[in-house]
Amino acid sequence: MGLLTNRVERNEIKPGDHIYTYRAVFAYSHHGIFVGGSKVVHFRPERNLDSSIDTSSNLLDPTFPQSTCPTFPDCGFRQPNSGVVLSCLDCFLRKGSLYCFEYGVTPSVFLAKVRGGTCTTAASDPLETVIHRAMYLLQNGFGNYDIFENNCEDFALYCKTGLLILDNLGIGRSGQASSVIGAPLAALLSSPLKLLMPSPIGVATVTAGMYCMTRYATDIGIRTDVIKVAVEDLAVNLGWAGRHDEAAEENEASNRQVVAL
């Protein structure tokens with residue numbers, strides 16, 4: 001991996017690596033954890049994984065793991081009502097290039113990577129811990145998918161670091177989401193400078209600087225509002241346990257009504 005690209009070959013990745021690939025002509029990236037054996041655990045919106053939806057429509061979604069994988073019969077495995085999926089590497093990449101997310105980079109390297117969602121200053125935990133988290137979440141879920149607050153990159157970042165943001169309102173751990181927010185914010189904040197700087201180059205330089213600093217300030221390795229959470233305690237910390245208990249109670253009540261009838 002270099003400063004300009006994180007592209008790697010398949011023989012260069014190892015179990016526990018955070019990998020990603022670009023979709024829709026580099027419009028966005030899709031992230032997951034490589035767990036070995038050409039398998040990837042990743043996080044998708046449940047609506048894109050609903051087996052009741054005609055699979056022909058899902059062919060338009062390049063990240064949708066097809067159930068007719070010719071390589072691995074368990075490709076596409078997931079628990080009911082969960083967006084965490086086990087896919088083979090071929091189905092995960094969908095003929096795209098393979099990239100490896102970098103951890104523990106210096107601030108200068110982080111700022112040099114203009115595009116978000118490629119690296120973090122946070123350090124990775126041991127690879128066996130990363131794999132344990134990914135496989136545990138495959139069995140227990142990762143909550144509801146949210147493009148800004150709980151997406152595929154957030155899933156991979158948690159598996160690698162075990163870090164969660166204390167206040168789950170607002171931007172999540174994802175550098176990709178931070179870039180989406182940071183670019184228009186930087187443009188908005190720098191717009192008054194057009195009155196003071198007649199040169200477009202000067203305004204562009206300031207805007208780029210604000211964009212980079214916004215990305216840096218929201219990086220999970222820099223933020224002070226994060227805590228380390230064991231994967232077994234994840235549901236309690238995010239309030240999923242209460243919702244699951246309520247759902248179980250509702251199902252039990254419904255079953256009692258059916259029996260009474």
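Trainee: What percentage of the residues in the protein chain is buried?
Mentor: This is a predicted model, and a residue counts as buried when its relative accessible area is under 20%. The protein chain has 261 residues, and the share of them that is buried comes to 43%.

Trainee: How much of the accessible surface of the protein chain belongs to carbon and sulfur atoms?
Mentor: The accessible surface of the protein chain comes to about 13500 Å². Of that surface, the part belonging to carbon and sulfur atoms is 60%.

Trainee: What is the mean pLDDT of the protein chain, and where does pLDDT stay under 50?
Mentor: In the protein chain, 64% of the residues reach a pLDDT of 70 or more, and the mean is 78. Residues 185–191 stay under 50, although the model has nine contacts beyond four places in sequence for them. Residues 257–261 also stay under 50, and there the model has zero such contacts. The mean asked for is therefore 78, and the stretches under 50 include residues 185–191 and residues 257–261.

Trainee: How many helices and how many strands does the protein chain have?
Mentor: The secondary structure of the protein chain is counted here from DSSP runs. The count comes to nine helices and seven strands.

Trainee: In the open sheet of five strands, which are the edge strands?
Mentor: The order of the open sheet is β4-β3-β2-β1-β5, and its pairing is antiparallel. An edge strand pairs on one side only, and this applies to β4 (84–88) and β5 (99–100).

Trainee: Which residue stands opposite Y20, and which stands opposite G36?
Mentor: Strand β1 (residues 18–23) pairs with β2 in the antiparallel sense over six bridges, whereas β2 and strand β3 (residues 39–43) pair in the antiparallel sense over four bridges. In β2, the residue opposite Y20 is H31. In β3, the residue opposite G36 is K39.

Trainee: Which residues in the turns of the two hairpins have a positive phi?
Mentor: The hairpin of β1 and β2 has four residues between the strands, and in its turn a positive phi of about 50 degrees is found at A24. The hairpin of β2 and β3 has two residues between the strands, and in its turn a positive phi of about 60 degrees is found at G37.

Trainee: How many residues of helix α5 are buried, and which residue caps its N-terminal end?
Mentor: Helix α5 (residues 152–161) is mostly covered, with 10 of its 10 residues buried, among them F155, L157 and Y158. Just after α5, G162 takes a positive phi of about 75 degrees. At the N-terminal end, a side-chain oxygen lies 3.0 Å from the backbone nitrogen of E153, and the residue that provides this cap is N151.

Conventions: Residues are numbered from 1 along each chain as its sequence is written. This is a predicted model: local features need pLDDT of at least 70, side-chain atom pairs count only at pLDDT 80 or more; totals for chains, interfaces and linings use all residues. Side-chain values use heavy atoms; hydrogens and water are left out. Two strands pair if DSSP finds at least two bridges between them. Buried means under 20% relative accessible area, exposed over 50%, partly exposed in between (1.4 Å probe, protein chains only). Accessible areas come from the Shrake-Rupley method with a 1.4 Å probe; for residues, only the protein chains shown count as cover. pLDDT is the predictor's confidence in each residue, from 0 to 100. Contact means heavy atoms within 4.5 Å. A polar contact is a pair of N or O atoms within 3.5 Å; within protein, one must be able to donate a hydrogen and the other to accept it, and residues adjacent in sequence count only if both atoms are side-chain atoms.
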